[in-house]
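Subject: Structure handover

Hello,

Here is the structure we talked about, with sequence and coordinates together. My notes on it follow below.

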Amino acid sequence: MDTFSKSDPICVLYTQGIGNKEWREFGRTEVIENTLNPEFVRKFILDYFFEERQNLRFDLNEDGTFTICHKTEVVKNTLNPVWQAFKIPVRALCNGDYDRTIKIECYDWERDGSHDFIGEFSTSYRELSRGQSQFNVYEVSPVPSLYQYCLQVTLLSFLVDIEVTFLDYIKGGPFYIWLCCSIIVPCYYCPIIYHYCTCFPGNPAQPTSLHYMSPYQMNAYAMALKAVGEIIQDYDSDKMFPALGFGAKLPPDGRVSHEFALNGNPQNPYCAGIDGVMEAYYQSLKSVCLYGPTNFSPVINHVARYAASVNDGSQYFVLLIITDGVISDMAQTKESIVNASCLPMSIIIVGVGPAEFDAMIELDGDEVRISSRGRYAERDIVQFVPFRDYIDRTGNHILSMARLAKDVLAEIPDQFLSYMRTRGIKPLPAPPPYTPPGYPVQSPDGHPLNTPPGHPLQTQI
């Protein structure tokens with residue numbers, strides 16, 4: 001920006017791609033003329049993706065245009081067209097600014113694409129919300145050289161449909177998402193010396209093991225854990241995660257357990273952040289012996305017991321299971337999922353290794369709703385993905401993890417909303433915007449309010 005003379009600034013928003021990391025223009029604000037201290041009015045409306053890390057960049061320059069929000073279909077061979085009704089989010093139309101200018105342009109369609117501009121008129125959301133009335137009959141300003149007669153456009157109908165979104169619940173808070181991490185691994189034989197376990201899926205000290213602890217890169221279990229955890233931990237206030245292992249012989253007596261704390265502390269299985277979970281995972285590989293059978297139902301029932309104690313919508317539980325695909329208690333697992341489908345919880349299953357995952361696909365239930373003993377799951381709560389489908393061929397592990405997180409977390413918001421809607425649980429009103437200490441909070445009528453106790457987004461995993 002030229003600081004020696006006044007400018008006409010405009011702000012341009014760029015978004016960054018996941019794969020190639022290229023920046024692409026997303027949108028532009030209005031132009032603020034003759035100022036070095038612009039206060040832009042237009043807000044950028046982006047789709048929110050729970051499962052992605054979304055990087056943004058804002059640049060300033062001196063160009064400005066309207067943004068196209070919608071194009072109607074072409075109505076041919078008539079001077080009195082009636083266009084079909086269409087649906088558009090209010091945020092895309094005016095971003096909640098009911099008085100923002102909305103410009104409508106009319107064109108005479110041409111087959112070769114060189115459509116003739118007929119004219120235009122302006123209105124606002126507030127005017128359109130009056131519906132069909134004398135306020136919504138508009139004179140179109142024609143191009144004098146092309147059209148010598150007066151043109152009118154009449155609004156026939158206007159309906160506002162309020163859709164509750166995942167973000168409405170997040171903004172309404174306080175709301176808690178609990179992430180439970182579980183690493184389930186099979187093992188059919190284990191010698192008494194725990195540090196030299198040589199059974200499938202192999203000794204963690206050997207490169208052939210899925211749990212191989214390489215000094216140069218993470219194994220598939222660790223990459224899956226980090227990929228999902230680093231996204232979902234942003235919805236946590238204290239970032240303390242319960243991490244459990246299922247399927248191992250524990251020291252000192254070799255007791256088989258399908259529910260043990262990865263950090264070795266059964267009274268407090270919580271780990272500090274995803275890095276703490278990964279450290280506990282690595283340490284457990286050195287202290288326990290992986291052992292079968294591979295049972296899923298204990299971990300599902302473990303989380304379900306906590307979810308069953310919450311029925312007011314204030315908490316939601318996400319169980320992350322990382323497995324090589326072998327399962328020993330299929331019937332019990334299906335029953336556990338059917339029972340849990342009426343609770344505030346979702347299950348993410350990440351398959352690692354080269355095995356076939358037919359059982360995991362059945363548990364996913366995308367094609368056929370899972371059932372047990374004649375009972376069908378109330379809703380779909382399981383999302384399964386095989387990690388091998390997301391591994392970058394060039395060896396870019398960061399890209400592999402980003403791709404995995406994008407798909408494995410994609411269904412969580414819809415699963416969450418399906419539970420809330422079936423229970424009739426509405427989001428709480430959003431609290432006032434955060435105000436720094438020392439600044440009075442103002443209500444809409446101008447009276448000061450008490451400062452909220454903390455940031456309005458208070459979540460815990």
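In this predicted model, three strands make up an open sheet, ordered β11-β10-β14, with antiparallel pairing. Its edges are β11 (255-257) and β14 (289-290), each of which pairs on one side only. Strand β10 (residues 248-250) is joined to β14 by two bridges in the antiparallel sense. Across that pairing, alanine 248 faces leucine 290 in β14. Strands of a sheet pair through backbone hydrogen bonds, whether parallel or antiparallel.

Next, helix α7, which covers residues 330-340. Its buried residues are Met330, Thr333, Lys334, Ser336, Ile337, Val338 and Ala340. Two helices, α6 (297-307) and α8 (358-364), are among the elements these buried residues pack against. They also pack against the strands β16 (345-351), β17 (371-372), β18 (375-376) and β19 (382-386). As background, residues three or four places apart in an α-helix point the same way, because there are 3.6 residues a turn.

The last item is glutamine 415, located in helix α10 (residues 412-422). Is glutamine 415 buried or exposed? Its relative accessible area is 4%, so glutamine 415 counts as buried, the cut-off being under 20%. The side chain of glutamine 415 has a polar contact of 2.7 Å with the side chain of serine 346. Beyond its neighbours within four places in sequence, glutamine 415 is in contact with Tyr316, Ser346, Arg379, Asp380, Ile381, Val382 and Gln383.

Regards

Note on methods:
Residues numbered from 1 in each chain as written. Predicted model: local features only at pLDDT ≥ 70, side-chain atom pairs only at ≥ 80, totals over all residues. Heavy atoms only, no water. Helix = DSSP H or I, 4+ residues; strand = E, 2+ residues; numbered from the N terminus. Buried < 20%, exposed > 50% of the residue type's maximum accessible area, 1.4 Å probe, protein only. Polar contact = N/O pair within 3.5 Å; in protein donor to acceptor, adjacent residues only side chain to side chain. Contact = heavy atoms within 4.5 Å. Pairing = 2+ DSSP bridges.
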